[in-house]
Amino acid sequence: MIDAGNTAWLITATALVLFMTLPGLALFYGGLVRAENLLSVLMQCFTIASMVTVLWLLAGYSLTFAGSGAWIGDLSKVLLLGVPRDAVAANTTIPETVFFMFQMTFAIITPALIVGAFVERMRFGAVVLFSVLWLFLVYVPVAHWIWGGGWLAERGVLDFAGGLVVHLTAGVSAVLLAIVLGARMGFPHDVRPPHAPWMTMVGACMLWVGWFGFNAGSALSAGADAGMAMTVTHISAATAALVWIVIESVKYGKPSMVGAVTGAIAGLATITPASGYVGPGAALVIGLVGGSVCYLMVTIIKHRLEIDDALDVLAVHGIGGAIGVMLTAVFADAALGGIGLAEGRTMGGQALIQLTGLVAVLIWSVVVSFIIIKFVQAVVGLRVSAEIEEQGLDLNIHGERGYNM
Amino acid sequence: MKYIIAVIQPHRLDAVREALAGIGVQGLTVSEVRGFGRQKGQTEIYRGAEYAIQYVPKVKIELAVAASAADAVVEAIGEAARTGRIGDGKVFVLALEGAMRVRTGEMGADAL
C-alpha cells in the first residue's frame with residue numbers, strides 16, 4: 001500500500017539528489033577548472049544527466065531492478081512497460097514511479113562524478129560514448145548486485161546509499177581514465193589554479209544539503225532510519241571538514257576554503273555506505289578517518305604517483321566509499337551504537353563480506369572500465385588536440401565563453 | 001612635462017590616491033594589470049597542490065604632470081605604496097612631448 005508520508009519524503013529526496021548533480025556537482029567541479037573550461041564541465045554534467053535519464057527509462061532501470069538474476073536484471077520493465085500507475089516498489093510503501101526516479105538520480109550522479117578526472121582535456125564525443133557504455137556495463141550490473149537482489153546482496157553486503165555502487169565505481173574508473181587519457185598540459189607544476197573557489201564552495205554546499213536526500217532518502221521511508229541517516233551524514237561531513245581545516249592550518253599555516261569543502265565531501269562519501277546502519281558517535285569516527293585518509297590520498301595520487309585525476313575523484317570519492325564500506329562492518333554492531341548485524345554474524349564475518357563486495361566491485365570496475373576506455377579511444381579518440389586544450393574547451397567545443405567581460 | 005607610470009600593490013591604491021590628492025594632483029588613470037619582477041610570481045596551494053602564479057595582480061597608475069612636480073609625485077607614490085616587502089612595485093618617469101585637453105583643445109602644459 002502506498003503511504004503518503006513516505007512518498008512525500010521520497011519525492012523530496014529525489015529532487016535533492018538531482019540537485020546534487022544539477023547544479024551542485026557541476027558548480028563544485030566548475031569552480032576548480034580554469035575559466036576557459038568552465039562551460040565544458042557544466043555541459044558534461046548536464047548532458048550526462050539528460051542522457052542517463054533517457055537510458056534509465058529505456059533499459060537501465062529494468063536491468064538493475066527487474067528480475068531476480070544473480071548478475072543482471074531482466075528486460076521486463078523496459079520503458080516502465082508492465083509497471084501500472086499505482087504499482088508499489090518492492091518492500092516499500094512508495095509508488096514504483098518514485099522509486100524509479102529516486103534511483104535514476106543515483107545513476108545520474110555516478111557517471112557525472114567521473115567528470116572530475118578528465119576535465120579540461122577530453123573530447124565531448126568521448127565523454128558521451130564513455131558515459132553511455134559505463135552506465136550499462138559498470139553502474140547497472142554493480143547496482144543490481146548490491147541493490148537489485150544480485151549476488152552481493154545475497155551474501156549480505158551492506159552498502160546503504162552507495163559507497164560501492166556510487167563512489168567506488170566512479171573513483172576507480174575515474175583514475176583509470178585519467179591514466180589512459182594522460183595528464184593535463186603542464187601537470188604537475190604548471191597547471192592553472194581553480195578559477196572560482198567560491199563556486200566550488202557553493203556547489204559543495206548544494207552537495208552537502210542534497211546528500212540528506214541521498215542518504216536519508218535511501219531509507220525509502222520517512223521514519224527513524226531516515227532521521228538517523230540524516231544525522232550521521234551531517235556529523236560526518238562537518239567532522240571531516242574540520243579535519244582538513246586542522247591539517248592545513250598545521251601544515252601550511254593557512255586553512256583554505258577549497259580544502260575545507262573538499263573535506264566535507266570526503267566525509268559525506270565516507271558515511272554514505274554506513275549511513276543507514278550506524279549511530280552518531282560512529283559518525284564522528286567515520287568523519288575523522290574519512291577526512292584524514294582522503295587528505296593523505298590526494299597527496300599520494302597527485303604528487304607521489306603523479307596521476308592527474310584532476311579533481312581528485314578517486315582520493316575523495318573512491319577512497320571515502322571504500323573506507324566507509326569497511327567501517328560499516330565495525331560500526332553497524334549494536335555494541336557500538338549501530339542497528340546490529342544480521343543474526344549470528346560477527347563483526348569479522350561482516351568485514352569479510354564487505355571486503356568481498358569491495359574487491360569484486362573494484363575488479364569489475366577496473367577491468368570493464370579499461371575495456372570501455374580502450375574502445376572509446378579506438379572509435380572516437382579520447383583527447384582534444386593540444387591547440388584546443390591550450391585555448392580551452394568552452395569556445396572550441398561548445399562555442400561559448402563562461403565569462404563575456 | 002613628465003609622464004609617470006607606477007606599478008604598485010593593489011591594496012595600496014587608495015593610499016597612493018590620497019597622497020597624490022594631498023599634493024595637488026588633478027587626475028590619474030588606473031588599470032588592473034598582471035606581471036612579475038624579481039619576486040618571480042608566487043605560489044598558491046589548493047588541496048595540497050602548489051600552483052605557480054607566474055603573473056601577480058598589480059595596479060598600474062599613469063599620470064601626466066608638470067616637470068617641476070615630478071619629483072614630488074614620485075616621492076608621494078613611493079611613500080604611500082611602500083610596505084617594505086617584496087613586490088611593492090616600481091615607478092617610472094618618462095619625458096612627455098605633448099598633451100591636449102579634448103574638451104577645449106588646449107595644448108601642452110595648459111592641458112594638464
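The structure is a predicted model. For the complex, the predictor reports an ipTM of 0.74 and a pTM of 0.90. Chain B has a mean pLDDT of 93. A pLDDT of 70 or more is reached by 100% of the residues of chain B. Within chain B, strand β1 (residues 2–8) has the highest confidence, at 97. Confidence is lowest in strand β4 (residues 49–53) of chain B, where the mean is 82.

Chain B contains 2 helices and 6 strands. Their order along the sequence is β-α-β-β-β-β-α-β.

The overall dimensions of chain B were then considered. The C-alpha trace of chain B spans about 60 × 25 × 20 Å along its principal axes. The radius of gyration of chain B is 17 Å. For a compact globule of 112 residues, a value near 13 Å would apply. Of the 112 residues in chain B, 17% are buried. Contacts in chain B were examined at a sequence separation of 6 or more. Of these, 69% join residues 24 or more positions apart.

The interface pairs 14 residues of chain A with 8 residues of chain B. Two helices of chain A, α9 (257–271) and α10 (280–304), each supply at least two residues of the side that touches chain B. By class, this side of chain A comprises 6 nonpolar, 5 polar and 3 charged residues.

Between these two helices of chain A, α9 and α10, runs a loop that holds A:S275. Is A:S275 buried or exposed? A:S275 counts as buried because 32 other C-beta atoms lie within 10 Å, against a cut-off of 20 or more. Which residues surround A:S275, leaving aside its neighbours within four places in sequence? A:S275 is in contact with A:F160, A:A161, A:N215, A:A229, A:V232 and A:T233.

Note on methods. Residues numbered from 1 in each chain as written. Chains lettered and ligands numbered in written order. Predicted model: local features only at pLDDT ≥ 70, side-chain atom pairs only at ≥ 80, totals over all residues. Contact = placed C-beta atoms within 7 Å. Helix = DSSP H or I, 4+ residues; strand = E, 2+ residues; numbered from the N terminus. Nonpolar A, V, L, I, M, F, W, Y, C, P; charged D, E, K, R; others polar. pLDDT = per-residue confidence, 0-100. Rg over C-alpha atoms; globule rule 2.2 N^0.38 Å. Buried ≥ 20, exposed ≤ 12 C-beta atoms within 10 Å, placed from the backbone.
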